[in-house]
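Let's go through this one together, one question at a time. Take a look first.

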Amino acid sequence: TLLLSEQPQLVKAWTLQGVKFSTWMQLCQVVEQLPTITVQTAGPVIALPFEGSFSMRCEAKGNPQPVYRWTKDGQAIDPLFDLGVKKERNNGSFVIHSGRLAQFQGMYQCYASNNLGTAVSEEIELIVPSTPKFPKEKIAPIVVKEGQPVILECNPPQGIPPRKIYWMTIGLQHIEQDERVSMGHDGNLYISNALEKDSRRDYCCFAAFSVIRTIVRKTAMSVVVKSCRFTYYTSSACPFLPMEAYAIPERRPSLLVPSGVQSEVRLLKGEELVLECIAEGFPTPVIEWTKRTEKLPKRANLKNYGKRLTINNIEEEDDGKYTCEARNSVGDTVHYFNVMVEEPPRWQPEPPKGQLAVVGSDVHIKCSASGKPRPVISWRKNGQPLDVLDDTIVLHRARPEDSAVYQCEASNRHGTILANANIMIINLPPRMLTKDYQRYSVVQGRDIIMDCKVFSSPPSTVSWNKDDTTESVEGERFSVFKNGSLQINQAGKEDSGEYVCFATNSEGKSAITALLDVKVSLYKCAFIIRYFLDDGMLQIINVNQSDKGTYTCTARTNLDQDTASALVTVLDVPDAPEDVELSEQKSWSVRLAWVPGDDHNSSTTEFIVEYEESQWDPGTWRELQRVPGNQVTALLTLHGHLNYQFRVYAVNGIGKGPPSNPTDRYKTLPAAPDKNPENIQIQGHLPHQMDISWEPLLPVEHNGPGLEYKLSYRKLGVEDIWKEHLVKRHAFVIKNTPTFIPYEIKIQSRNSHGWGPEPKVVTGYSGEDLPTASPQDVAVEVLNTTLLRVSWTRVSLHFLSLSQVHWLRKRSLLHSNRIPEERHFLTFPGNRSHAMVPGLRPFSEYRLTVNVFNKRGNGPNSDPVTFQTPEGVPEQVPILTVSNAQRDSITLVWAPPFEANGILTGYLLQYQLINETLAMGDMQEVNVSSADTTHWLLQGLGEMSKYMFYLSACTRVGCGPQRMEEGSTVTEASEISEAVNTSKNFHLIDGLEPGTVYTVCLLAKSRLDNASIFEDVIQTRVKGKREYLHLGVSTQGWFIGMMCAVALLTLTVLIACFVTRNKGGKYAVKEKEDLHPEVESQGMNDDTFGDYSEENPLKASQCSLDRGMGGDSDYGDEEECQFNEDGSFIGEYSDHKNRGSVRPSPVTA
């Protein structure tokens, strides 16, 4: 976008404000545009595992259409080839889908380019959080004497905030807290003086992360408090003394948190300030908070039994020294907090804007940012760095090739902001943006504006002619605006006609025609109404000061009237202060006085004093001081060698009022600098050099001409003589330094009038090198099945290092075959010589190596060490099911554990009776000595009794966790047949009692849950009767009649066939049946129906029952009667050679 309206001194006829989008698009097709990023992802982006996808947005406009590229961590990438994601077709955006997100973590930046330049997005950080975990560790019990302090460290893992810490027991009961026992802001639990009741074995620290829905627990800690008051023997801890001598000795307070006498606290404006003092001593100390030289802010809150001071939304005035004092009857102790409120970079007053300039002109691009520490300004052109140290770029006698997108980046330790400024250097003849022959209509006596929007460089001169005349329209009623539009005030009939707008510059000329029709009004209004009355309510729109006063409402009837009055007070921002004067003028200070303006019914809360100086930033007003609303003077402290002027404006509850008129100029005398550079940064990017940078003084802080800095340095504890360099920039590189050596550094400012104050000395290190040595004598000590202690000989280093322990699981000792390698590592700070390795798998073989590394890279690995973890207890069995419940027995079925963690020796089965009140009976125990056993029949149980069963798998080491299951015995025993042949669709049940109701169930032999595949209720026939009971439609009279008719018809057909057979011999079909008998029929005759008689009419399939067939009927179509859904499941576990009988349990009819 060509931001023409943002350069006031150039905006004339070609200003683009108010241009319709369609007109702007026509211009874009003709005039080339620099790329401008319009949409970008606001970082950081947190990739939570339960979210589906994450968008990285980057859209830009320009002419020609921009092309896009991305960088990740400063390196160019292609999203398709490097990340495996596809960019969108018409922009640079891409979407990352959930999966292996770790590879996507990093800092991303988008570049949009065309042949004119390159626009750059702000950096977008993609964070892929890992699951927070406490390390697995064995914590020794803490043993203290009564009255001594105790600190239980939580050290919670890092994770996505917010994070909440809780101290509870293993049973999830909160640890009671009070003035003596409390949790600190760091998550640790502090006991100021231990009592005997504090002894317990299950102090647990829980960390909850609500965003990722995770709660983790640290290993339980044990505290043992020893008391001598009830000890009747002598020991080193409790010598023999009279009983009255064993009272807890009084002790003066000392601080557990924080350490030392003074702390420095830096935080950002708007954050929450948290200061905490936790003291130990006896009696329990009391904490008191104060702020030096003034009272605590009203927003201050005391929490955690007075030990924690918090201030929400901290401001600059909250800077200063805070004091906490811990006091008891024996004495007191004090700690000082030096609180400094800082700010991230922000544009002051706004980011640099795009400009359009003619060839040969001077272009100034200014980039001002504020923050604390003061931001460092850096420049880029089309994404490429520029060697410009100032906050302003000046293009002298600009040329077309200077057209580009200039990026300004302001950064301090709290963040970075980036702005793109499109600078277009072009000469272009006038191009009309308003439609030619546009028609306008206006009522006689009203005002009319006719548009003539034009784009050109340099700016065009616009004139209007009427009805083909050569002279421009003129007069009091005609006005030509800067954007070229013509306004006619109080149009008359004589103003109707054709108007021509001419636009001319040094590159050419253009014109359009506008048609105006002035019409006679049919309506007249005497005045503008601002008052509306609706159903007894008076509404006033566009309220101003003239509306204040008393309003009276009168309600009348034929018999009576009533009135009510209301006083309306109009509130507004305060008027500008008057009579602003300077007094008490000194070299570097002055007193400012003023007379307040009208506050418009809202009391003035404060006055703001601003200054403007003519040397470094002329025309820019900056805030200097704020004064309470009840004061009308201010003593201003000034810098030297500046030419000031001042103004004041008032603030009330409505807002800020207009500023006063500025004062006369006041010039201060030059002087030596009154401060030195701050925020000294010492880094070693290369092994044999040291990079030093600092925050330079602001231009207004120079106090005089010729500012420069004296950099002094020497080796810490080795050299006495300082080496010095005078520099004008705010960075310096010291080369040929030894590797990783501590240095003392100080920086002092000076100008032509003298030196600044004595500087502070800071300490830093020269550059470090890549590690070349590996740890030696690596030894391991297996502490238990999952924990290992590894030790090694320290490496002699000349750099700041960290240690890494790598281990991989090669195989399980339970199986000879190898398993996929599981690689793990842990990082430990400092040049250590030992570490604890948790999370190992029992009964496994591992390989372990150790190395050291620093920010330059990894050092070589040590020689590998192979070790084995001992056998452990098995995991919990995955399933335990109660099956085949009888009157006095139950069958238990289970599956072996997924991880045996050793050689499985069997199972421990325990059970106990549960009564109606859920009380438990005596525990019974059964040892299952075979590891291959997965079911067990428990006999001798009580009828209609409920039991709780516990099963755990065992190795030679012991038994693992239990799996619990509940089950009950039944009142009536059921009978189960042997396996049913699934090649048949029926099964014969004999031995039933006549006239008895039975429940028939079909079960799968391998199922663990006793679920029926088929279940029905039937009643056997009484001897001598043909009918039988069946629950279904067969009990209906119409159905019985229909079936009798079918039987009669079938009998008739059979008789006819019999007669025909005797006459004509055998049927051909019958011959084939005799020659080729069906295999299934043979099986039925030989095996299944050997004992069948009319006295056993029960059919084996559900189909025969549902169809209501009699005892002599056929068994029906075999295909229709198969159990299609579960037949294959049954067949897998059935025995084709056994034909068992079933004796169903009788049901009371």
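**Salt bridges, strands and a patch**

Reader: How many salt bridges does a search of the whole structure find?
Author: First, a note on where this comes from: this is a predicted model, local features need pLDDT of at least 70, side-chain atom pairs count only at pLDDT 80 or more, and totals for chains, interfaces and linings use all residues. Residues are numbered from 1 along each chain as its sequence is written, and side-chain values use heavy atoms, with hydrogens and water left out. A salt bridge here is a side-chain nitrogen of Lys or Arg within 4 Å of a carboxyl oxygen of Asp or Glu. Searching the whole structure for these turns up 41.

Reader: How many residues apart in sequence are the parts that Asp198 and Arg180 tie together?
Author: These two form a salt bridge, with the closest N and O atoms 2.6 Å apart. Strands are DSSP runs (E, at least two residues), and helices are too (H or I, at least four), numbered from the N terminus. Asp198 sits in the loop between strand 15 and strand 16, and Arg180 in the loop between strand 13 and strand 14, so the parts they tie together are apart in sequence by 18 residues.

Reader: Which strand pairs with strand 29 over four bridges?
Author: Two strands pair if DSSP finds at least two bridges between them. Here the sense is antiparallel. His364 has Val394 as its bridge partner, and Val394 is on the uncovered face of its strand, along with Thr392. The strand you want is strand 33.

Reader: Which residue stands opposite Ser791?
Author: Look at another open sheet of three strands, in the order 64-65-68, with antiparallel pairing. Within that sheet, four bridges join strand 65 (residues 788–793) to strand 68. Opposite Ser791, in strand 68, stands His834.

Reader: What is the accessible area of the nonpolar patch that includes Leu1051?
Author: Leu1051 lies in helix 3 (residues 1037–1064), and it counts as partly exposed because its relative accessibility is 47%. Patches take residues with over 30% relative accessible area and no salt bridge, joining like charges within 9 Å and nonpolar side chains (Val, Leu, Ile, Met, Phe, Trp, Tyr) within 5 Å. Areas come from the Shrake-Rupley method with a 1.4 Å probe, and for residues only the protein chains shown count as cover. Together, Leu1048, Leu1051, Ile1055, Phe1058 and Val1059 have about 490 Å².

How values were computed
Buried < 20%, exposed > 50% of the residue type's maximum accessible area, 1.4 Å probe, protein only.
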